[in-house]
Amino acid sequence: MSELSLPTFGPLPNRLLRLYAGLAFYGVGIALQIRSHLGGSPWDVFHQGLSVRLGLSVGTWIILVGAAVMLLWIPLRQKPGVGTVSNVVFVGLFADAAMWLIPAPDAVAARWAYLVAGVVVTAAATGLYIGAGLGAGPRDGLMTGLNRLGLSIRSARTAIEVTVLAVGWLLGGTAGVGTLVFALVIGPLTQFFMPRMRPRA
């Protein structure tokens, strides 16, 4: 069974709490990585690049891009859940709120602390919202939809993230050592948190 189709247990209110807590922390993780100015995830480099080039906040672009990605689910025959729609709307809102609240640090040590905290929080948040079992995020659904067409998960994810990273960097998003750190550790960290964030019977 794939990590994106974990069994779910417990009452719906508990699962909803996990979902929205996960989305809130995911937004905080994004904000910490962006505020570090060391480079964010490939998707957030893309969102930041759109913000730099076209205006609007990073969170607004997270929402708009998420909605556009969901449209790609139609030909891929992916079915959204309440978690999918909530991901589209709330991650961007939480990211903007967190960036408004979290000051940008000047000291290099503080910037690295932001980066490390952001990656860890993002991994834990992923475990929370996926573990709720209420639907994958729009970007995860795009990856699994391409997998159904014959691409391996690794190939689909690599192709998508290299593309958005390159476009985001060309648009003016911040790609750097933080982007590399994210790419190297987000998988192992998410694997660590997933079983610990599952609802228990």
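Mentor: Before we start, an axis here is a line fitted to C-alpha atoms, for a helix over the stretch in contact, and angles run from 0 to 180 degrees between N-to-C directions. The model is predicted.

Trainee: At what angle do helix α1 and helix α4 pack?

Mentor: Two packed helices are described by the angle between their axes and the distance between the axes. Helix α1 covers residues 12-36 and helix α4 covers residues 82-101. Their axes are 7 Å apart, and the packing angle is about 40°.

Trainee: Which word describes α1 relative to α4?

Mentor: Angles under 35 degrees count as roughly parallel, and 65 to 115 as roughly perpendicular. The angle of about 40° therefore makes α1, relative to α4, oblique.

Trainee: Is the crossing of α1 and α4 left-handed or right-handed, and how many charged residues does the contact have?

Mentor: The crossing of these two helices is right-handed. On the α1 side the residues include L19, Y20, L23 and R35, and on the α4 side they include F90, F94, M99 and W100. By class, the contact of α1 with α4 has 17 nonpolar residues, four polar ones and, for charged, one.

Trainee: What is the phi of H37?

Mentor: Most residues other than glycine have a negative phi. H37, in the loop between α1 and α2, is not a glycine, yet its phi is positive. The residue is partly exposed, with a relative accessible area of 41%. Its phi is near 55°.

Trainee: And what is the phi of L56?

Mentor: L56 is in the loop between α2 and α3. Its relative accessible area is 53%, so L56 is exposed. L56 is not a glycine either, and its phi is positive, about 70°.

Trainee: How many residues of helix α6 are buried?

Mentor: Helix α6 covers residues 138-148 and is mostly covered. Among its buried residues are P138, D140, L142 and M143. Of the 11 residues in α6, the number buried is eight.

Trainee: What is the relation of α3 to α6?

Mentor: The axes of α3 and α6 are 8 Å apart, at an angle of about 25°, and the crossing is left-handed. In the contact, α3 residues including I62 and W73 meet α6 residues including L142 and L146. Angles under 35 degrees count as roughly parallel. The two helices are therefore roughly parallel.

Note on methods. Residues are numbered from 1 along each chain as its sequence is written. This is a predicted model: local features need pLDDT of at least 70, side-chain atom pairs count only at pLDDT 80 or more; totals for chains, interfaces and linings use all residues. Side-chain values use heavy atoms; hydrogens and water are left out. Helices (H or I, at least four residues) and strands (E, at least two) are DSSP runs, numbered from the N terminus. Angles under 35 degrees count as roughly parallel, over 145 as roughly antiparallel, 65 to 115 as roughly perpendicular and the rest as oblique. A crossing is left-handed if the near helix is turned anticlockwise from the far one by less than a right angle, and right-handed if clockwise. Contact means heavy atoms within 4.5 Å. Ala, Val, Leu, Ile, Met, Phe, Trp, Tyr, Cys and Pro count as nonpolar, Asp, Glu, Lys and Arg as charged, and the others, Gly among them, as polar. Buried means under 20% relative accessible area, exposed over 50%, partly exposed in between (1.4 Å probe, protein chains only).
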